[in-house]
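Me: I have a structure open and want to go through it piece by piece. Can you help me read it?

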Amino acid sequence: MLKDGTYRAWFKTPTGQGTGIAHVADGIVWGCDGVMSYSGSIDVSGDRFTATVLTKRHTERLPTVFGTDDELKLTLEGTCSGKVARYTGTAEQFPGVLLEGTLILSEEQSPAPAAQQPTPKFDPAKLQKLPKRSR
């Protein structure tokens, strides 16, 4: 089952590949990569999911994995097994061009353990002195 969370994304088409970050929560997906931002809706049913995602360019002069279009409408479908999801899709503007991708659920970072002892007070007088240089 595709869980709500933050995913590292890898995707490719026959013309290129890219990486980005995707967030999934309450039936909504959004994220970005180095060229595009994206948002849309996602429907999860067991280990399968479908999504409709709109993309919008935020960086000029760099190609996307589909070429030079500024806005795309993607239709995706995939499966999720544990922390890894794989999907395929197409862009409405490029019929017949297959998009393939992988999403990897990011692990939550555990908080740093609390210090057991108080932090000593900084005393600059205790710093080692530099040797004197002859001129």
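**Working through the model**

Reply: Lys73 sits in strand β6, residues 71-81; strands are DSSP runs of E of at least two residues, helices runs of H or I of at least four, both numbered from the N terminus. This is a predicted model, in which local features need pLDDT of at least 70, side-chain atom pairs count only at pLDDT 80 or more, and totals for chains, interfaces and linings use all residues. Residues are numbered from 1 along each chain as its sequence is written, and side-chain values use heavy atoms, with hydrogens and water left out.

Me: Is Lys73 buried, exposed or partly exposed?

Reply: Lys73 is partly exposed, with a relative accessible area of 32%. Buried means under 20% relative accessible area, exposed over 50%, and partly exposed in between, with a 1.4 Å probe and protein chains only.

Me: And what is Lys73 in contact with?

Reply: Leaving aside neighbours within four places in sequence, Lys73 is in contact with Thr52, Val53, Leu54, Thr90, Ala91, Glu92 and Gln93. Contact means heavy atoms within 4.5 Å.

Me: Where is Glu92, then?

Reply: Glu92 is in the loop between β7 (84-91) and β8 (94-105). At 56% relative accessibility, Glu92 counts as exposed. Val65 is 27 residues from Glu92 in sequence, and their C-alpha atoms are 14 Å apart in space.

Me: Switching topic. How many helices and strands are there overall?

Reply: The protein has zero helices and eight strands. Read along the sequence, that gives the pattern β-β-β-β-β-β-β-β.

Me: What is the radius of gyration?

Reply: The protein has 23 Å, whereas a compact globule of 135 residues would be near 14 Å. The radius is taken over C-alpha atoms, and the globule rule is 2.2 Å times the number of residues to the power 0.38. Along its principal axes the C-alpha trace spans about 75 × 45 × 20 Å.

Me: How much of the protein is buried?

Reply: Of the 135 residues, 28% count as buried. The protein exposes about 9900 Å², with carbon and sulfur atoms supplying 55% of that area. Accessible areas come from the Shrake-Rupley method with a 1.4 Å probe, and for residues only the protein chains shown count as cover.

Me: Give me a buried residue in a strand. Where is Leu103?

Reply: Leu103 is in strand β8. Leu103 counts as buried because its relative accessible area is 9%. Not counting residues up to four places away in sequence, Leu103 touches Tyr7, Arg8, Ala9, Ala22, Lys83, Val84, Ala85 and Tyr87.

Me: How far is Leu103 from Val84 in space?

Reply: Their C-alpha atoms are 5.7 Å apart, while Leu103 and Val84 are 19 residues apart in sequence. For the whole protein, among contacts between residues at least 6 apart in sequence, 37% join residues at least 24 apart.

Me: What about cysteines? How many disulfides?

Reply: The structure holds zero disulfides, a disulfide being a pair of cysteine sulfur atoms within 2.5 Å. Cys80 counts as buried at 5% relative accessibility. Cys32 is partly exposed, at 38%.

Me: Where is Arg61, and is it buried or exposed?

Reply: Arg61 lies in the loop between β5 (48-57) and β6. Arg61 is exposed, with a relative accessible area of 82%. Gly67 also lies in the loop between β5 and β6 and counts as partly exposed at 22% relative accessibility. From Gly67 to Ala85 the C-alpha distance is 25 Å, and the two are 18 residues apart in sequence.

Me: Last one. How many charged side chains, positive and negative?

Reply: The protein has 16 positive and 15 negative side chains, and the centres of the two sets lie 20 Å apart. Lys and Arg count as positive and Asp and Glu as negative, while His and the chain ends are not counted. The place of a charge is taken as NZ of Lys, CZ of Arg, CG of Asp or CD of Glu.
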